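Please look over the sequence and the structure below. A short briefing follows, grouped by topic.

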Protein chains: 2
Amino acid sequence: MSSRRVALDAMGGDHAPGTAVDGALLARDEHGVDVVLVGPGDQLHRAMAVRGARRLPVVAASQVVGMAEDPVSGVRAKPSASVRVGARLIAAGEAAALVSAGSTGATLAAALLDIGRLPGVRRPAVAALLPIPAAAGGAVVLVDAGGNADAHPDALAAYARMGDAYARVRGVVAPRVGLLNVGAEPGKGNALARATYALLDGGERFVGNVEPDAVLAGDVDVLITDGFTGNVFLKALEAASHAFGARRLAADGERAAAVLVGIAGEVLVSHGAAGAGQIAAALRTASTVAAGRLSQRIAERLA
Amino acid sequence: MSSRRVALDAMGGDHAPGTAVDGALLARDEHGVDVVLVGPGDQLHRAMAVRGARRLPVVAASQVVGMAEDPVSGVRAKPSASVRVGARLIAAGEAAALVSAGSTGATLAAALLDIGRLPGVRRPAVAALLPIPAAAGGAVVLVDAGGNADAHPDALAAYARMGDAYARVRGVVAPRVGLLNVGAEPGKGNALARATYALLDGGERFVGNVEPDAVLAGDVDVLITDGFTGNVFLKALEAASHAFGARRLAADGERAAAVLVGIAGEVLVSHGAAGAGQIAAALRTASTVAAGRLSQRIAERLA
């Protein structure tokens, strides 16, 4: 295999497979990403022919999870669904990363079924990038951005190590880790935040509790919270960025992809509504994550 | 007493008492609010003399909680602290509302000690106004904005009734109540959100789960969540509004005051860093809340 080949679930997302094909061609032609499409061969070849494009490799997947099906049970019931065939490419070492714009729950289910968890991980989390110009690397790694709505303090402590590994793969030398909270002082927050603080306290680059303004000011490179608060926080920033006319967060390509951390391989999710440019950006992020062998680094940090 | 007289803790806030006096004069002169200052008489009379202002009434409070003291234990230890004397004006019916720019914890402690809770309320919450032009009344009532970091579903169900009462006092005829969540579908969210949804489901004006973008779009007039998530949400919007240059939320006068709901009287908190304009806005909001007899309406809704 190519050590950087990225598989794209061409049937995931609201505008599949057209947008997936456009995004994959863009990623190859503009950014040199080595992409393989996963989906029904005839449909994908036709889409490429219509576009007059030099063909991308295709791995056939005969099943599609329909719009009316529950995505998670659909994925479980269909071993030949494109996202599952893509996940097995990772498990077999035939691709180095998988991107899907299908539902996060479905992609997570496929990853758990066909790739599995890293040792010691109970449930994987979602690591998203918040584009914060003042942070090292121009982005803050947010873990958990929505994987586990209810989490224990030891899970959040693991997120700190996972987020640290991701920031390093992105080129940040000494990432500063902060705990999202309602005040900077120790002892602030809910029971989960206080217990997590106690676990992280004394860590070399743990900067303590951070409030939203400190996050936006670039005071941390990795931001830890439970998946409920993290998802509300992420969506609040996105909504505010829209409402206040800045569109900075929403338009940023990097936000187009989030990594499922805790899986024994590189799996990324993109928005269902992602356009070709965002799919291409997701494929680029996947390429970076694959080159840095993120899941292996996370396994080392958790060991 | 005047049914609308508002007591101002003149010693609360970072710039007390100068800013408090300026804000009180502004509220009286520009908005016709009937204000009484609470604090050391000589200091307050001197501050008014320096400003050449027509005097405001003063109720003497001989003790001050110092900057170095823990505000909550300081308030407990000092029955003659200005915030406690102010709270007793409410309890005695000598003022209709109290505003303090001291710490929320200290003001809450004073309110609990000298006024007490409404029947059936375990712990009061903080009701803040998010200035959302598209919402009825131009603002969304957020409960809890930071009172109780850990809350039970039955507390959140009570917040819905408290927030409804507040929205009505502000003139909204049929407030729409939503639950802050990470997805619109029933079943979304953490254990607290799911259990709260079950309690609120079927309520006449309960619109269900709302994500941040729906909140900013004005889809609800009352937004319910636990105090941890609510405070992170509020601060995320404020930080984004600053970072994205809009300053709409941060500059809005109404946001200057939040109501402690669940107290058997009208008690409002303002920012420690509030300027005179924000103090004046807080006094105006207090006047509205007093005129609407919010705590009595809440008691009726909880009965």
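The points below cover a sheet, a helix, a strand, a helix pair and a chain interface.

This is a predicted model. In chain B, eleven strands form an open sheet with mixed pairing. Helix α5(B) lies across β4, β5, β10 and β11 of chain B. Chain B also touches chain A, with 29 residues of chain B in contact with 29 residues of chain A.

**The sheet of chain B**

- The strand order in chain B is β3-β2-β1-β4-β11-β10-β5-β6-β9-β7-β8.
- The edge strands are β3 (58–60) and β8 (206–210) of chain B, and each pairs on one side only.
- On average, neighbouring strands of this sheet are turned by 25° against each other, direction ignored.
- Strand β6 (residues 140–143) of chain B runs parallel to strand β9 (residues 222–224) of chain B, and three bridges join them.
- Within that pair, Leu142(B) has Leu223(B) of β9(B) as its bridge partner.

**Helix α5 of chain B**

- Helix α5(B) spans residues 104–114, and nine of its eleven residues are buried, so the helix is largely enclosed by the rest of the structure.
- The buried residues are Thr104(B), Ala106(B), Thr107(B), Leu108(B), Ala109(B), Ala110(B), Ala111(B), Leu112(B) and Asp114(B).
- These buried residues pack against two helices, α3 (71–77) and α4 (82–91) of chain B.
- They also pack against strands β4 (97–100), β5 (125–130), β10 (257–261) and β11 (267–270) of chain B.
- The helix runs at about 165° to β11(B).

**Strand β5 of chain A**

- Strand β5(A) covers residues 125–130, and six of its six residues are buried, so the strand is largely enclosed by the rest of the structure.
- In a regular strand, side chains alternate between the two faces of the sheet.
- Here, Ala125(A), Ala127(A) and Leu129(A) point one way from β5(A), while Val126(A), Ala128(A) and Leu130(A) point the other way.
- Residues on both sides of β5(A) are buried.
- What strand runs antiparallel to β5(A) and is joined to it by four bridges? One such strand is β10 (residues 257–261) of chain A.
- Strand β6 (residues 140–143) of chain A also runs antiparallel to β5(A), again with four bridges.
- Ala128(A) has Ala258(A) as its bridge partner in β10(A), and it stands opposite Leu142(A) in β6(A).

**Helices α6 and α7 of chain A**

- Helix α6 (residues 153–169) and helix α7 (residues 191–200) of chain A pack at an angle of about 50°.
- Their axes are 9 Å apart.
- The two helices, α6(A) and α7(A), are therefore oblique to each other.
- The crossing of α6(A) and α7(A) is right-handed.
- From α6(A), the contact uses Pro153(A), Asp154(A), Leu156(A), Ala157(A) and Ala160(A).
- From α7(A), the contact uses Leu192(A), Ala195(A), Thr196(A), Leu199(A) and Leu200(A).
- The residues of this contact divide into eight nonpolar, one polar and one charged.

**Where chain B meets chain A**

- The contact joins 29 residues of chain B with 29 residues of chain A.
- On the chain B side, the elements that give two or more residues are α8 (212–216) and α9 (227–243).
- Helix α9(B) gives the largest share of that side, 13 residues.
- The chain B side divides into 16 nonpolar, eight polar and five charged residues.

Terms used: Residues numbered from 1 in each chain as written. Chains lettered and ligands numbered in written order. Predicted model: local features only at pLDDT ≥ 70, side-chain atom pairs only at ≥ 80, totals over all residues. Buried ≥ 20, exposed ≤ 12 C-beta atoms within 10 Å, placed from the backbone. Contact = placed C-beta atoms within 7 Å. Nonpolar A, V, L, I, M, F, W, Y, C, P; charged D, E, K, R; others polar. Axes fitted to C-alpha atoms, helices over the stretch in contact; angles between N-to-C directions. Parallel < 35°, antiparallel > 145°, perpendicular 65-115°, else oblique. Left-handed = near helix turned anticlockwise from the far one by under 90°. Pairing = 2+ DSSP bridges.
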